[in-house]
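Dear colleague,

Please find the structure below, handed over for your records.

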Amino acid sequence: MHRPSRRTLLAAALAGLAATVAAGCSVPAPRRTAPAADPAPGKALATGEPGRALLFQIVAHPDDDLYFMNPDAQRLLDAGVPLVSVYVTAGEHTGVNRVAGMPPAAPDRAAYSSARRQGLRQSYAEALGLPRFTPWRRGALALGGGRTAERAVLEHGGRRVELLFLDLPMHTPRRYMALPALWEDRGALELPAHRSAGSPVARSGPYDHDGLVAALTGLLRRYRPTVVHTLDPDPDVQPGDDATRRRNSEQPGYSDHGDHTAVACFSWAALVRWVAEEVRAGAPVPVFAASAFRGYYNRHWPKNLPPGVLAGKAARLVPYGGDPSWACGNPSGCGDYGVGGDRPLTNRKGWVRSTHHRWPGAGPRLAEEPDGRLAAYAVAGLRAVRLRETAPGVWGGPEDLGGGPLAPSLGSAVLPDGRLLLFGVRFAALEGHGGPNRREVVLLEQRSPGGPFLPWRGLGTPDRGAERSRRLGAPVAVAAPDGRVRLYVRNAARGVAERVRAPDGSWGPWRALPGDAVVQDGFAVSADAAGRVHLYAAGRKSVRHWVDGREAPGALPLSGSTVASADGGLYFRAPASARLLGPDGADAGLDGHGEVRAARSGALGTVLLGTDAAGRACVRAGGRLRTRTGGPVAVGAPALHVGARGITVVGLGPDGRPWSWRP
């Protein structure tokens, strides 16, 4: 047997370390212990003032918010919700601000960073309805630990945007990808702050791993957001050759930029720490809705934004990209020129043409209590909460059910005896410093209909290993007429995994559903009149369909991502289309964008709930379309209930409070 040399072994070890760093966040042994999340229920919840809302975004680079978080962020801003956007890196990259058709300019990292900030100010000025060159109020914000952020504020018509720049470098002389290295660092790595040209910040201290988590936690504590947007901490597996990966700026094996993943991991670590420190100090749990957005994933799947929504999203990138001929008043440049004009729509990568949530289905889950009133279940402050009607359409305060830290989406199923099962994805570990990073499926089972719950129980994952557990999708479940509960999640192979609960309450093992399907998250499941369970998932070439866990024969059309099901039938939207199509391929009469809910009503037939191009809730029932024209916007997808009281739609507003609508 050939014995490898020391040089070979050292090279292999270094290659393994490089692969771990490039993958964003990963596994070995932690250097320190952060404040631990407490999953026990019964904590006090800080509900805040009615109507008080704030959107807080954390991204890696200038433009991540515009490419990946709109139209969601723009709709909240249009509704009057103040916005604070945090940019962790300086966005300096190579320092070359490329102009189409012109030879590359000399690298100037400080100037390129400044030009990108100018582009953001131009974009958000127009988003507020102001001229793009409107002056902002700029200054410095102390973050503690000797660190300082650049701050820019603009207000108009009662709306407010605040931009914060932490100025960590994208690259260092020794490490090309600085942020992934900082997330994994087990030693004393520090990244010096990068000063942008013309910045009001004269000097800022360096960041180590804990310093960045502390800075983000401090900002969360300062602003106390009610809605938080982050990038994707657990990007999709993406096989491919190295040349293609480099051309698309993706990390090895995954469909996203390494900075996006690392910053998302830092963001979720800060959210966990914020909640844990508040609880440890005896304060109520801060109530906020968190959502993570896919990044370069958008390139690899059918596009899901219809033309009208896409035009609005792309319009925010045009002023960001700017043009060298503009007289914006910034000597370093008037935008990120490679993004200006029509380039967002003509770029072969197509990032702007889709918006995907990492865990689809965020929003309330509804159950009818024994007395006929509704209960809504959701994730708030990274914990499960229950809200109950005190009268039809009138809601009481939230009750903490614990379980955290949880991903934003819950699945649910109602047993034949009326008891509720809730399913979530838990951040079982999120250490950094090369420490554990795991996800798991968890279950909360009700003791009696409308009553208290048993302790949280772990259901494991369909994939072995911490790294593969991070690819878990949002849980979807249904109670079949035979008493079994079928639970489905997307697995690391981008297929579907199933676990079945028997009528006696015992759970079978995880198993992958048959077939070679590669599908998107956001499954739709329902039982038909014969009691068979139908599962639909949007694939790369068609919608895939299983019946009672077996792949159904026949080809179905292609969907951009939206699938819904009632009585075993499929509802979907073709790629880049606003039109919802029904089981026979005919127009279902519910044009719009985003997720759709479907339910069966004996008197009205199939009832459909969706959102129109403006983000307003719409219901199609009995041949009529009704649109909700007032009240707070919904954060996440609103929920649909069809019962003795008729049709009820329930959503969560930006202030964390539920609203009801009976169309």
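A search of the whole structure finds 16 aromatic pairs, where rings of Phe, Tyr and Trp (its six-membered ring) pair if their centres lie within 6.5 Å, and planes under 30 degrees apart count as stacked, over 60 as edge-to-face and the rest as tilted. This is a predicted model, in which local features need pLDDT of at least 70, side-chain atom pairs count only at pLDDT 80 or more, and totals for chains, interfaces and linings use all residues. Residues are numbered from 1 along each chain as its sequence is written, and side-chain values use heavy atoms, with hydrogens and water left out.

One of the pairs is Tyr 67 with Trp 351, edge-to-face at 5.5 Å centre to centre and 85 degrees between the planes. This pair links distant parts of the chain, 284 residues apart: Tyr 67 lies in helix H2 (residues 64-68), and Trp 351 in the loop between helix H10 (343-346) and strand S10 (365-368). Helices (H or I, at least four residues) and strands (E, at least two) are DSSP runs, numbered from the N terminus. Both Tyr 67 and Trp 351 are buried (under 20% relative accessible area, with a 1.4 Å probe and protein chains only). Tyr 67, Phe 68, Tyr 296 and Trp 351 form one aromatic cluster.

Trp 268 and Trp 359 also form an edge-to-face pair, with 5.8 Å centre to centre and 75 degrees between the planes. Trp 268 is buried, at a relative accessible area of 1%, and Trp 359 is buried at 3%.

Yours sincerely

Note on methods:
Buried means under 20% relative accessible area, exposed over 50%, partly exposed in between (1.4 Å probe, protein chains only).
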